[in-house]
Amino acid sequence: MADDHIRVPHLPEVHLRPPANWINDPNGLVHHDGWYHVFFQHNPQAPTHDRVHWGHYRSRDLLRWEPQPLALTPELGQPDEDGCFSGNAVSYEGRIIAFYSAHRVGHPWQPVAAADSGPDGSTFVKRPELLVADPPSGVTTFRDPYVWRDGDRWRMLVGAGCAEGDGAVLSYTSQDLTDWTYDGPLHRRADTAPSDSVIRTGEAWECPQLAVYDDGRALLLTSAWYQRTGPSHVVAWNGHQDSGDFRFETATRFDHGPDFYAPALMRAPGGRWLLWGWSWEARDESCAKEAGWAGVLTVPRELTLRADGSPHQAPARELDGLRTSTWLKAMRAQCGTTSVLGSVGPAADITVRVGFARDTAWGLRIMCGTGSADHDDAGYLDLEIRDGALTVDRGHASADARAHVGSYRMPLPELVPDGELELRIILDHSIAEIFSGSGEALTLRFYPAQCDAWTLVSRGLASDAVDVIVTAHALRTPDAATAA
């Protein structure tokens, strides 16, 4: 949502964020009185994580977003004087009720606080009393409430870390959204060493989010946090609800990229589950200070479940309303050849369909700027399909040596000989969100020398021919969009 693409070339124009300064976790996602409300952690004074407030946008259509007054502001002498940290919100009896973590420097845990809006959901008044002032015994990390209606009662989850080193989600119940009773852990697990079938789940769990589907299946999202290194990655736990109790089983990585954390859920009209995540900066803090901004929210994603209960992610259907200037290119990629497919603007929505013979390999190079396949001086992002996975390498994508590098793998279970594969790629200046047809996702940041266009180049990596169809759309800025 940049106003000046020359002055701030890496500032995304389609992804939601304020014009300047710091943003992190999405908070309080709620549909209220015909509006989608997205709150988020925000420092309005600087591009640093300090005394964060709750920023606020609202939209009728998930395309045009209207800035609203700051919803929550830290107050000196109060439990939240060092920050109004993460939480969620509900729409109830004509108002939005926000639940959040009241932060004080030096406190390893954060009490649960609340605030009530007026009828339009734009201004808030904090409640004078904390809802949960102290964590249960043996809990060392405690933050990020998530409240929802469960039958005839309200329930609240709070992310936690235990003295034994386990991550946990703690459960509370209430009849009136004011008085809360502790019920014990909803789910708890030790952080085990990773293996081929087990992922690390964190010493503490932040930002718990729960989606319950009409058939009783459930998905719990937890953000893995470590005492020494801080935020790491997001874990999805598939399970089910039975007579009010939840059982969670398999843990999988929710997003396979390096720059995705603290997703938040919204139950949208019609029963859809929507989700936004925080994509942090993949560069030194000095870069953010020079640029004057840090962090961005992902595009809204639709979250459904596969047959085995694992998550399936895709960009929200409303994003189709931003598409313009479409082109399509069909070709056959031969072994060892490269071919320019076409160019598209700095914000783009690209769908790639690949048909394989025996050898399931193919590459897509996303070059910064316009040019031929042989001119990559401006940098490029490499996508390579082979061995049952997509590998994304950003080692040549950024012009500044202070940017992070590395390559990242996303599993492609549908990748089989004589089969077809679909990828959808959302590009926006310094962020790429990549989705497979099977619902996997990978998010990463990079900072090219040029941000005025992308050129797509096919790379023949298979020993036999591969059929490729690419459909590319430029994305107009939301302010210029028409409703989907």
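**Close-up views of a predicted model**

The search turns up 2 cavities of 30 Å³ or more. Here a cavity is a set of points on a 1 Å grid over the protein atoms alone where a 1.4 Å probe fits but cannot get out. Grid points are joined across faces, edges and corners, and a volume is the space filled by probe spheres set on the points. The model is predicted, so to speak of local features requires pLDDT of at least 70, side-chain atom pairs count only at pLDDT 80 or more, and totals for chains, interfaces and linings use all residues. Residues are numbered from 1 along each chain as its sequence is written, and side-chain values use heavy atoms, with hydrogens and water left out.

**View 1. The largest cavity.** This cavity holds about 100 Å³ of space. Its lining (residues with an atom within 4 Å of a point) has 13 members, and those nearest the centre are V14, L16, L62, W65 and P300. Sorted by class, the lining has 11 nonpolar residues, 2 polar ones and no charged ones. In this sorting, Ala, Val, Leu, Ile, Met, Phe, Trp, Tyr, Cys and Pro count as nonpolar, Asp, Glu, Lys and Arg as charged, and the others, Gly among them, as polar.

**View 2. The second largest cavity.** Look here for a volume of about 60 Å³. Among the lining residues are P26, N27, S86, G87, D144 and P145. Five strands, β1 (21-32), β5 (83-92), β9 (139-150), β13 (204-212) and β17 (261-267), each give at least two residues to this lining. Strands (E, at least two residues) and helices (H or I, at least four) are DSSP runs, numbered from the N terminus. The lining of this cavity has 7 nonpolar, 4 polar and 1 charged residues.

**View 3. The largest pocket.** About 520 Å³ of space lies in this pocket, a pocket being an open set of points with protein on both sides within 12 Å along at least five of seven lines. It is lined by 23 residues, with H49, F85, R143, E206 and W225 closest to its centre. β1, β5, β9, β13 and β15 (230-242) each supply at least two lining residues, and the largest share, 4 residues, comes from β9. By class, the lining of the largest pocket divides into 8 nonpolar, 11 polar and 4 charged residues.

**View 4. The second largest pocket.** Of its 20 lining residues, Y146, W148, R149, R267 and W273 are closest to the centre. Two or more lining residues come from each of β1, β5, β9, β13 and β17. Strand β9 gives the largest share, 5 residues. The lining of the second largest pocket has 13 nonpolar, 4 polar and 3 charged residues.

**View 5. Aromatic pairs.** The model has 19 aromatic pairs, where rings of Phe, Tyr and Trp (its six-membered ring) pair if their centres lie within 6.5 Å, with planes under 30 degrees apart counted as stacked, over 60 as edge-to-face and the rest as tilted. The rings of F254 and F260 have centres 6.0 Å apart and planes at 40 degrees, so this pair is tilted. F254 is buried at 1% relative accessible area, and F260 is buried at 2% (buried means under 20%, exposed over 50% and partly exposed in between, with a 1.4 Å probe and protein chains only). W278 and W280 make an edge-to-face pair, 5.2 Å centre to centre with 90 degrees between the planes. Together with W22 and Y261, these two tryptophans form one aromatic cluster.

**View 6. Charges over rings.** A charge sits over a ring if NZ of Lys or CZ of Arg is within 6 Å of the ring centre and within 35 degrees of the ring normal. The charged end of R283 sits over the ring of W293, 5.2 Å from its centre. R365 lies over the face of Y380, 3.8 Å from the ring centre.

**View 7. Salt bridges.** The whole structure contains 38 salt bridges, each a side-chain nitrogen of Lys or Arg within 4 Å of a carboxyl oxygen of Asp or Glu. E81 and R104 meet in one of them at 3.5 Å, N to O. E81 is buried, at 17% relative accessible area, whereas R104 is partly exposed, at 28%. K289 bridges to E285, also with closest N and O atoms 3.5 Å apart; these residues are 4 apart in helix α1 (residues 285-291), about one helical turn.
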